[in-house]
Structures are given as C-alpha cells and as structure tokens.
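Here are my notes on the model you sent over.

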Amino acid sequence: FSLIAASLIAFLIWGQIYYPPTTEALENLKSCDAYNVETKGENIYFVPKDNNKDIAFIFYPGGKVDQRAYSYIGKTAESGYLVIIVKMPLRLAVLNPNAADIIISSNPDISQWVIGGHSLGGAMASNYAFNNLDKISGLILLASYPAGSSNLSGKNIEVISITGSKDAILNLDNYYSSQKLLPEDTIYIEIKGGNHSFFGDYGLQNNDNEATIKKETQHNLILKNIKKFMESVK
C-alpha cells in the first residue's frame with residue numbers, strides 16, 4: 001500500500017508541474033467587439049456576438065500545458081464560429097479524451113462540429129473524431145498526428161495538419177508514418193520557421209528549438225488556416 005500511495009503522491013506532484021500561459025495569453029481572455037469570453041464549467045467559450053455560424057470548434061490543449069495558453073485560438077470566433085478550449089484533468093487530454101461529449105450535447109443549436117488540438121491534444125482529438133464520426137465533420141491537427149488505433153483513412157471527415165519547420169518536439173518519423181491514417185485529401189501546411197511551443201503561448205518548451213519567426217507571426221498563420229478550413233468544412 002505504501003508503494004502505491006507514494007506513487008500516487010509522486011504522480012499528483014508531477015501533475016502540478018506544467019506550462020502556464022504568458023501575460024499576452026491572459027490578455028486574449030478578454031471579451032472584445034467580435035465575441036464574448038465566458039467560462040462554463042472549466043472550459044473557455046469564445047462566443048461570437050453576431051454572424052454566428054452553425055459550426056463550432058472544440059480544442060484540446062497539449063500535454064502539461066494550461067488551456068489558457070491557447071487563448072489566441074479563440075480569435076477564430078471573429079469569423080462567427082463558437083470556439084471552446086477544454087480544460088483537461090492534470091492538463092492531460094489522455095485522461096478525458098471524450099471531453100467533447102458534454103460540450104456537443106449542451107449546444108444542440110450547433111449542427112456541425114470540428115475538433116482539434118495541439119500535440120497530445122491533437123492525438124486525443126483524433127481519437128474522439130474516429131469514435132464519433134457521426135458528430136465530427138472536421139479535424140485540426142497542430143504539431144500532432146493520430147495514434148494507430150484512430151485510422152481515419154477513407155472516412156468522411158475533413159482534416160488539416162499544421163506543423164512548424166523548427167519543431168524539435170514532434171516525432172517526425174511517427175508524423176510521416178501516421179499520414180496513412182488520414183484521408184487522402186488531408187491538407188498539410190508547414191509554417192517555415194515555426195516551432196512546437198508557438199502553437200501555444202506558454203514560452204519555450206523544454207527541448208524545443210527557438211523559432212525563427214515571431215510568435216505573433218506563427219499565431220496569425222495558424223489562425224488564417226484554421227478560419228479558411230472552417231469555411232471549407234461541409
């Protein structure tokens with residue numbers, strides 16, 4: 001029992017070590033002319049004030065990263081899309097891959113859903129999409145790839161995969177080998193000079209490369225491609 005208890009305590013302590021959001025990320029959590037920022041449960045909602053579309057975007061954060069570090073993703077709401085950034089237990093999406101269930105069921109006015117995530121969050125978003133193809137129309141992968149158990153090839157789902165050329169965290173061998181698990185018409189975008197850390201806003205992740213472009217440049221390119229993808233989802 002003592003070994004189990006010690007292991008549990010060690011795990012909980014480890015769980016409190018994470019990447020917090022930057023000051024700029026926290027600034028992005030303020031409502032603006034285009035959308036309101038609301039907290040429902042522990043999830044962050046970016047709710048468009050007008051031009052509301054009937055398609056929404058659920059985002060799973062990367063492993064050990066505070067969900068507020070992805071607040072810039074909420075700017076997708078400028079184009080009329082509801083955006084929900086999910087808080088995960090111990091900031092690990094693998095502990096609640098079905099977090100989208102309650103979000104979808106509590107927003108019946110939304111007819112189509114896109115799910116996505118960064119790194120581990122993207123892998124868990126892929127898992128959710130694979131198990132819920134009746135609910136999910138699109139998948140957005142940021143420096144991420146599906147696990148072998150989430151084979152989406154040949155499935156009726158639209159996918160975009162965005163990576164950074166300076167990413168030192170993403171396992172490129174696994175990334176390229178996993179492409180066979182995605183539909184043939186998957187869109188692949190590489191951001192030149194972008195790194196793993198700048199898919200969020202939490203500083204430089206351990207063992208990542210320094211980006212050769214500004215954080216704001218990477219964020220703007222990601223947002224541009226997300227908005228374009230959202231418009232294309234049928």
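1. First, a word on terms: two strands count as paired if DSSP finds at least two bridges between them, and strands themselves are DSSP runs of E, at least two residues long, numbered from the N terminus. Keep in mind that this is a predicted model. With that in place, Ala-56 stands opposite Leu-82 in strand 4.

2. Strand 3 is joined to strand 4 by four bridges, and the two run parallel. Strand 2 pairs with strand 4 as well, but here the direction is antiparallel and there are three bridges. On that side, Ile-44 has Ile-85 of strand 4 as its bridge partner.

3. Which residues of strand 4 are buried on its two faces? Leu-82 and Ile-84 are buried on one side, Val-83 and Ile-85 on the other, so both faces are covered; buried here means under 20% relative accessible area. As background, side chains in a regular strand alternate between the two faces of the sheet.

4. Now the nonpolar cores. The largest has 32 residues, and Phe-57, Ile-73, Ile-140 and Leu-142 are the ones with the most contacts inside it. Strands 1, 2, 3, 4, 6 and 7 and helix 6 each supply at least two residues of this core. Helix 6 (215-232) gives the largest share, five residues. There is also a second, separate core of 28 residues, which includes Ala-56, Ala-100, Met-124 and Tyr-128.

5. On to the rings: the structure holds five aromatic pairs. One of them is Phe-57 with Phe-59, whose ring centres are 6.0 Å apart; the planes meet at 80°, so this pair is edge-to-face. Phe-57 has 0% relative accessibility and therefore counts as buried, and Phe-59, also at 0%, counts as buried too. Tyr-175 and Tyr-176 make another edge-to-face pair, at 5.2 Å centre to centre with 70° between the planes. Tyr-175 is buried, with a relative accessible area of 5%. Beyond simple pairs, Phe-57, Phe-59 and Tyr-70 form one aromatic cluster.

6. Two rings have a charged side chain over the face. Arg-91 lies over Tyr-18, at 3.5 Å from the ring centre. Lys-40 lies over Tyr-45, at 4.6 Å from the ring centre.

7. Finally, the backbone. Most residues other than glycine have a negative phi. Where do Asn-51 and Lys-64 sit? Asn-51 is in the loop between strand 2 and strand 3, and its phi is positive, at about 55°, although it is not a glycine. Lys-64 is in the loop between strand 3 and strand 4; this residue is not a glycine either, yet has a positive phi of about 65°. What is the relative accessible area of Lys-64? The value is 12%, so Lys-64 counts as buried.

Conventions. Residues numbered from 1 in each chain as written. Heavy atoms only, no water. Phe/Tyr/Trp six-rings, centres within 6.5 Å; stacked < 30°, edge-to-face > 60°. Buried < 20%, exposed > 50% of the residue type's maximum accessible area, 1.4 Å probe, protein only. Lys NZ or Arg CZ within 6 Å of the ring centre and 35° of its normal. Core = buried A, V, L, I, M, F, W, Y, C linked by side-chain atoms within 4.5 Å.
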